[in-house]
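Let's take a friendly walk through a protein model together. Have a look at the sequence and the 3D view, and then read on.

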Amino acid sequence: FKGQVRYAQALAGAELQLQGDASLEDFRANTVAGTSSAGAATDESPDEDVVEELLSWKSLTVPGITLAMAPGTATRLQVRQAALSDFFARVIVNPTGRINLQDLVKAPQPVAASGQPAQAAVQPDAVVSMGPISLVNGKVLFSDRCIRPNYSANLSELQGVLSAFASQAADGSVQMADLDLRGRAEGTASLEVTGKVNPLAKPLALEIKGKVRDLDLPPLTAYSIKYAGYGIERGKLSMDVNYTVLPN
């Protein structure tokens, strides 16, 4: 991080002002995949407690950060732009049907001295304004362990951009960002995801279109056997899907 930081401890709480540029390079995070609620291996999930790479990237640059925090006022964050390059993500559907990314963040309630959950001070929702986000040379490894035999697919050569968006509505309407993401599935099929979305909107709003062309079908035979009773010897799949979620 290169910039200026001002911190003050007032009677009502801490005050923070920050301006500058930030980057996080050569990052890698591992996870214990498939951990059950009891945290132990089961007959249905024999690959419990296997350490796997979850997220990694060569470079995440975030220039133009402005942050302001003060007690009793909404935290304000502005980011001019962000770029993520040479990144990898591991997405796993575990044997119970839960996606591993759902367990990334755990937020237990604070406990007061009496042993009862403490009442947190009411703080206005943060005001976040995000500039365009660019993605360069990404890869996602997807595994479905809810089906036997397991199915895995590689999404590679991911390139794209998400335009500017904000948490607050402008002129009474949600500011939707343009999404354009392209890459390859299983090395041969073309992948395209376009549309509009705002990750910070409450309630959620999005309109997304996805296209896959010439995906080899034999690797999907585990699904066809389970749901149709037949395996797949050969064939290619082309598919278009549309997802629309309205604020109401």
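The accessible surface of the protein chain comes to about 15900 Å², and carbon and sulfur atoms account for 56% of that area. Keep in mind that this is a predicted model. Of the 248 residues in the protein chain, 29% are buried.

Now for the overall build. The protein chain contains 13 strands and one helix. What share of the contacts between residues at least 6 apart in sequence join residues at least 24 apart? In the protein chain, that share is 54%.

Next, turn to the pockets. Here are the two side by side:

| Pocket | Volume | Lining residues by type |
|---|---|---|
| Largest pocket | about 1600 Å³ | 38 nonpolar, two polar, two charged |
| Second largest pocket | about 290 Å³ | nine nonpolar, three polar, two charged |

The largest pocket, with its volume of about 1600 Å³, is lined by 42 residues, and those closest to its centre are Val140, Leu155, Leu158, Leu181 and Val193. Which strand gives the most to the lining of the largest pocket? That is strand β5 (residues 82–93), with six residues.

The second largest pocket has a volume of about 290 Å³. Its lining is made of 14 residues, and Asp125, Ala126, Ser167, Leu200 and Lys202 are the closest to its centre.

Strand β5 also has a partner to look at. It pairs with strand β7 (residues 133–144) in the parallel sense, over ten bridges. You can find Val91 opposite Phe142 in β7. On to the next pairing: is the run of β7 and strand β8 (residues 151–162) parallel or antiparallel? These two strands run antiparallel and are joined by nine bridges. Leu141 stands opposite Asn154 in β8. Together, β7 and β8 form a hairpin, with six residues between them.

Finally, zoom in on one residue, Thr75. You will find Thr75 in the loop between β3 (50–69) and β4 (76–79). Leaving aside residues up to four places away in sequence, Thr75 touches Leu67, Ala68, Met69, Ala126 and Val127. Thr75 and Leu16 are 59 residues apart along the chain, and their C-alpha atoms are separated by 9.6 Å.

Methods:
Residues are numbered from 1 along each chain as its sequence is written. This is a predicted model: local features need pLDDT of at least 70, side-chain atom pairs count only at pLDDT 80 or more; totals for chains, interfaces and linings use all residues. Side-chain values use heavy atoms; hydrogens and water are left out. Helices (H or I, at least four residues) and strands (E, at least two) are DSSP runs, numbered from the N terminus. Contact means heavy atoms within 4.5 Å. Buried means under 20% relative accessible area, exposed over 50%, partly exposed in between (1.4 Å probe, protein chains only). Accessible areas come from the Shrake-Rupley method with a 1.4 Å probe; for residues, only the protein chains shown count as cover. On a 1 Å grid over the protein atoms alone, a cavity is a set of points where a 1.4 Å probe fits but cannot get out, and a pocket is an open set with protein on both sides within 12 Å along at least five of seven lines; lining residues have an atom within 4 Å of a point. Grid points are joined across faces, edges and corners, and a volume is the space filled by probe spheres set on the points. Ala, Val, Leu, Ile, Met, Phe, Trp, Tyr, Cys and Pro count as nonpolar, Asp, Glu, Lys and Arg as charged, and the others, Gly among them, as polar. Two strands pair if DSSP finds at least two bridges between them.
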